[in-house]
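Open the structure in your viewer and follow along. Each stop tells you what to select and what to look for.

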Amino acid sequence: MAKEFTCTKLVQDKLDLLKSNAYNSVNSLLDKMALELAAKVDAKIESGQEIGLLEGIPFGIKDVYMVQGTYTTASSDLLKNYKSAYTATAIQKLLDAGAIPLVKENCDSFGHGSSSENTIFGAVKNAINSDLVSGGSSGGSAVNVAKDYTVFSIGGDTGGSIRQPAGYNNVFGLKPTYGRISRFGIMAYASSTDCVGPIAKSIEDIRIVLNVMSGKDIKDQTTYQSEKISEETILNTDEIKTIGYFKNFIESDAIDAQVKADFLASIEKIKTKGIEVKELDFFESDTLVSTYYTLAMAETASNLSRLDGTNYGARIEGDNLKDTYSITRSENFSQESKRRIVGGNQVLSQGFSDEIYLKGLNLRDQISDNFEKDFKEVDIILSPVTPNTPPKIGDSLNDPLAMYLSDAYTVGFSLGQLPTLTIPKGTATGLQISAAKNNDALVLQFANFLNDLI
Amino acid sequence: MSKIMTVDILSSIKGAQPSEAVNKLFEVIKNANLTNNNSFKNNHNNAVSLDDLREDVVIDSPKEEKKIIIENFPKEKNGYLVVSKVIEE
């Protein structure tokens with residue numbers, strides 16, 4: 001095969017696109033590191049050495065992942081000058097496979113948001129219509145993939161933060177089973193649902209990147225050993241006989257009429273292929289959203305309590321130690337982050353924990369039980385990604401409750417720790433494919449089937 | 001020792017108040033029906049077994065890591081982190 005262009009040129013072209021882009025998708029460019037790595041790949045090709053599948057492939061990283069020596073800001077004032085001292089396991093595995101990191105990507109601060117407007121770097125604009133939000137919290141990552149600035153990007157998904165921006169920008173985004181990929185080196189939001197996952201333009205790219213990042217890691221003891229998913233496995237789409245969808249999601253008053261009609265049309269197409277489709281009962285959207293946010297806020301209040309400006313971060317000196325803590329936190333956290341931290345401390349405090357936090361945990365168990373029961377009857381659960389199309393920039397920040405409720409279709413699968421993929425087909429913001437825990441391969445199989453069908 | 005801690009103290013955020021939007025979410029939980037009362041069934045329990053714990057050893061950070069940790073100090077003097085005077089109340 002004749003060499004048409006060098007890896008260095010590929011990387012430089014992408015860096016130029018990222019640098020000049022008007023979508024606010026970039027927090028910082030990793031140009032020096034990227035060009036050095038690209039030169040090494042070119043030298044390898046020049047000397048006739050074989051290169052790996054991901055070698056020389058440019059990718060983006062949500063700005064919540066540690067990459068040694070790079071700024072890792074979580075799109076926050078508190079960490080705007082913070083440099084990672086080490087590299088996240090998932091990112092290290094990609095670096096070891098030869099992939100080239102180009103950019104730390106804009107997102108909602110500490111993952112706190114569904115629109116990528118809660119950021120000090122300016123709201124991320126939607127790749128299809130720049131008056132609209134990109135979705136979030138991994139908005140910059142989804143936009144960079146949609147605009148071909150990166151071949152794939154690594155997002156983080158706690159309650160929908162990969163799947164929803166993937167849907168809003170018409171690309172693929174996978175939240176794998178919780179524990180399949182190490183969380184070591186991602187800034188913790190809600191540790192019991194935080195997942196690392198890829199955003200890309202094809203199912204095959206998702207599969208390759210997932211395989212590279214997966215595996216047990218001694219530095220994250222919730223990880224487990226998983227089998228690599230082969231190309232052949234996911235091309236075999238005959239295994240899926242029965243799927244289900246949540247009736248109440250579709251019958252809800254909150255769903256956009258077109259999203260509903262498109263979803264039901266997709267269901268009809270699936271039926272024509274001889275797949276049985278079952279209507280399933282599920283919890284009401286407000287229960288799902290409230291359970292998720294109660295637990296996520298409790299966890300983020302604990303996780304972010306370390307950010308007090310003592311060892312790192314933008315410390316603002318007060319009269320004494322406690323004063324320094326509270327001024328630093330008051331001035332440097334965004335309104336949304338403060339709202340969640342305060343909410344978390346409310347539910348964890350004496351007198352409230354029993355009737356809210358512990359009850360939330362109990363509801364989570366019931367949600368998981370419900371999924372277990374469902375997956376005895378169906379192989380796959382299909383759902384819209386969002387009830388509505390993306391809002392205009394500026395609307396979400398004014399109405400936090402509406403923003404929380406817009407996560408209605410994604411948070412349940414997070415609480416269940418299930419593998420769930422957004423495929424950019426079927427409705428304006430795509431379809432979500434979920435399977436039982438550890439069944440990530442089945443999700444990709446069905447995605448292939450749907451990709452051909454719709 | 002029954003001092004009431006308000007959310008601004010618990011959160012170390014000056015003037016912090018509970019928000020109306022978040023309280024609405026909590027109301028939903030308070031009013032939700034539970035079909036069982038066992039809070040600790042733990043389907044979401046991801047704890048590892050005692051046989052599978054990592055070794056309890058101190059690992060010295062590499063030089064580069066230490067250098068960056070010091071670079072991140074908000075206030076530094078002769079390579080040491082400077083912190084406010086600790087007060088007892």
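This is a predicted model.

**Stop 1: a helix pair in chain A**

Select helix 6 and helix 17 of chain A. Their crossing is left-handed. Now pick out the residues in contact. Helix 6 of chain A brings A:Ile203, A:Ile206, A:Arg207 and A:Leu210. Helix 17 of chain A brings A:Asp440, A:Leu444, A:Ala447, A:Asn448 and A:Asn451. Colour this contact by class: 5 residues are nonpolar, 2 polar and 2 charged.

How do the axes of these helices cross? Helix 6 covers residues 203–213 of chain A and helix 17 covers residues 440–453; their axes come within 10 Å and cross at roughly 165°. The two helices are therefore roughly antiparallel to each other.

**Stop 2: another pair in chain A**

Next, select residues 7–20 of chain A, which form helix 1, and residues 31–46, which form helix 2. The axes come within 8 Å and cross at roughly 160°. That makes helix 1 of chain A roughly antiparallel to helix 2 of chain A. This crossing is right-handed.

Show the side chains. On helix 1 of chain A, find A:Cys7, A:Thr8, A:Val11, A:Gln12 and A:Leu15. They meet residues of helix 2 of chain A, including A:Ala34, A:Leu35, A:Ala38 and A:Val41. The contact has 8 nonpolar, 2 polar and 2 charged residues.

**Stop 3: where the chains touch**

Zoom out to both chains. The contact takes 61 residues from chain A and 43 residues from chain B. On chain B, select helix 1 (7–11), helix 2 (20–31) and helix 3 (63–71); each supplies at least two residues of the side that touches chain A. Which helix of chain B gives the largest share? Helix 2 of chain B does, with 8 residues. By class, this side of chain B has 22 nonpolar, 11 polar and 10 charged residues.

Notes
Residues are numbered from 1 along each chain as its sequence is written. Chains are lettered from A and ligands numbered from 1 in the order in which they are written. This is a predicted model: local features need pLDDT of at least 70, side-chain atom pairs count only at pLDDT 80 or more; totals for chains, interfaces and linings use all residues. Two residues are in contact if their C-beta atoms, placed from the backbone, lie within 7 Å. Helices (H or I, at least four residues) and strands (E, at least two) are DSSP runs, numbered from the N terminus. Ala, Val, Leu, Ile, Met, Phe, Trp, Tyr, Cys and Pro count as nonpolar, Asp, Glu, Lys and Arg as charged, and the others, Gly among them, as polar. Axes are lines fitted to C-alpha atoms, for helices over the stretch in contact, and angles run from 0 to 180 degrees between N-to-C directions. Angles under 35 degrees count as roughly parallel, over 145 as roughly antiparallel, 65 to 115 as roughly perpendicular and the rest as oblique. A crossing is left-handed if the near helix is turned anticlockwise from the far one by less than a right angle, and right-handed if clockwise.
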